[in-house]
Structure formats: structure tokens, C-alpha cells
Amino acid sequence: MFKKINVIAVSLVVLFPVMTSAAQVCDNVQLPTSTPTADFKDNGDGTVTHLKTGLMWKKCSEGQSGTDCATGTLTQYTWKGALDQAQANNTAMFANQVDWRLPNVKELLSITESACKEPDINLTIFPKTLDGAVGSLYWSSSPSAIAASSALYVDFNYGSITYFPKDNNTGYVRLVRN
């Protein structure tokens with residue numbers, strides 16, 4: 001009986017790991033940075049432009065604001081809620097722009113930092129991306145090829161891609177424009 005309880009406890013830890021607020025770990029010696037700060041231009045209006053792709057990103061995740069994204073709370077949305085956030089930013093003319101949208105999975109991957117993890121993003125450019133959040137999944141506009149009712153997420157803990165149904169799951173949102 002005792003062995004069975006241990007197996008169950010170990011299984012639960014594997015399935016539901018304890019979330020800690022570990023600091024970002026970067027290995028800039030072994031791996032070159034994939035998104036160095038010099039590849040971005042801070043536009044001074046809550047946006048940054050990725051000079052390699054030409055895409056303009058909101059510096060803060062949805063729910064956050066301020067020059068260092070310290071105001072507000074990192075907020076999760078359903079997939080429809082993520083699309084609604086893009087429309088709300090367009091209506092409000094965030095940074096005097098009206099074409100904010102949910103990025104596709106390739107665009108989200110273009111801002112992952114391969115030399116870092118937890119989160120794997122340049123925190124100088126995109127501060128407080130996870131900010132103590134439980135989970136790290138950011139919605140993309142890309143549908144899943146495996147399940148038609150699902151969309152792809154980028155996991156900003158490790159730069160991986162996964163998918164979940166659009167209707168009953170939540171994720172974080174970072175908006176982009178061309």
C-alpha cells in the first residue's frame with residue numbers, strides 16, 4: 001500500500017509540477033543570443049519594433065502597462081478573448097495604431113530567446129513577461145493542424161509549441177502589427 005501511495009504522489013508531481021518563481025536562466029556563453037537587445041527599437045510609446053522582422057510588438061503582455069510593464073496584472077484570456085483584446089486595442093488606438101492583431105505562431109517564435117529559459121524571451125525588451133504567472137502559454141492566431149477546434153500556443157518558459165481547444169482554455173496575449 002505504501003509503494004502505491006508513493007507512485008501516486010510522484011505521478012502527481014510529474015503531472016502537476018510545483019510552480020516556483022525561479023529567475024530567468026541564460027547561457028550566453030554556450031549559445032549566442034537569438035534576440036539581442038540591439039535587434040529591437042524601443043519606440044517610446046509602449047511598443048518595440050523587431051528590426052529583423054519589421055514587426056511592431058506591444059512591449060507589455062495584455063493586462064500590464066507602463067514603461068517596465070509593472071502596472072496592472074498579467075491576464076489570461078480565452079482565444080476569443082485574445083482576439084477581442086486586439087480589437088479593443090484598435091478601438092483605443094493604442095500607440096496611435098488601429099491594426100493590432102494576435103500574432104501567428106512563427107511570429108511569436110521570432111521573439112523567443114534561445115539562450116534563456118523561464119522565460120525564454122529578452123526581458124530587457126519584454127519585461128515581466130511571466131511575472132510570477134502560473135503557466136506561460138501565449139495564444140497565437142495559428143490553428144492546430146491536429147484538431148480543428150484548437151489553436152497553437154507558444155510556451156515562453158521553453159520556447160515550445162502546443163495546442164489546446166479554443167473554447168475552454170485560457171492563455172496570455174502579446175499583440176503585434178505589421
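Student: What makes Cys26 and Cys116 a disulfide?

Tutor: In this predicted model, the sulfur atoms of Cys26 and Cys116 are 1.9 Å apart. A disulfide is a pair of cysteine sulfur atoms within 2.5 Å, so Cys26 and Cys116 form one. The link is right-handed, with 105 degrees about the S-S bond.

Student: Which parts does the pair of Cys26 and Cys116 tie together?

Tutor: Cys26 lies in strand β1 and Cys116 in strand β7, so the pair joins parts that are 90 residues apart in sequence.

Student: Why is Cys116 called buried?

Tutor: Its relative accessibility is 10%. Buried means under 20%, so Cys116 counts as buried.

Student: What is Cys26 called, given a relative accessible area of 37%?

Tutor: Exposed means over 50% and buried under 20%, with partly exposed in between. The value of Cys26 is 37%, so Cys26 is partly exposed.

Student: How many disulfides does a search of the whole structure find?

Tutor: Two. Besides the link of Cys26 and Cys116, there is a disulfide of Cys60 and Cys69, with sulfur atoms 2.1 Å apart. That distance is within 2.5 Å, so Cys60 and Cys69 meet the cut-off. Their link is left-handed, with -95 degrees about the S-S bond. With the bonded cysteines numbered in sequence order, the pairing is 1-4, 2-3.

Student: Are Cys60 and Cys69 buried or exposed?

Tutor: Cys60 has a relative accessible area of 6%, and Cys69 has 1% relative accessibility. The cut-off for buried is under 20%, so Cys60 is buried, and so is Cys69.

Student: What is said of the phi of Cys69?

Tutor: Phi of Cys69 is positive, about 60 degrees, although Cys69 is not a glycine. Most residues other than glycine have a negative phi. Cys69 sits in the loop between β5 and β6. Met93 also has a positive phi, near 55 degrees, and its place is in the loop between α2 and α3.

Student: How do you know that the peptide bond from Glu118 to Pro119 is cis?

Tutor: Its omega is near 0 degrees. Most peptide bonds are trans. Pro119 is in the loop between β7 and β8.

Student: Why are β8 and β10 called edge strands?

Tutor: The open sheet has three strands in the order β8-β9-β10, with antiparallel pairing. Strands β8 and β10 each pair on one side only.

Student: How do you know that β9 and β10 pair?

Tutor: Two strands pair if there are at least two bridges between them. Strands β9 and β10 have six bridges, so they pair, in the antiparallel sense. Asp155 stands opposite Ser160 in β10.

How values were computed: Residues numbered from 1 in each chain as written. Predicted model: local features only at pLDDT ≥ 70, side-chain atom pairs only at ≥ 80, totals over all residues. Heavy atoms only, no water. Helix = DSSP H or I, 4+ residues; strand = E, 2+ residues; numbered from the N terminus. Buried < 20%, exposed > 50% of the residue type's maximum accessible area, 1.4 Å probe, protein only.
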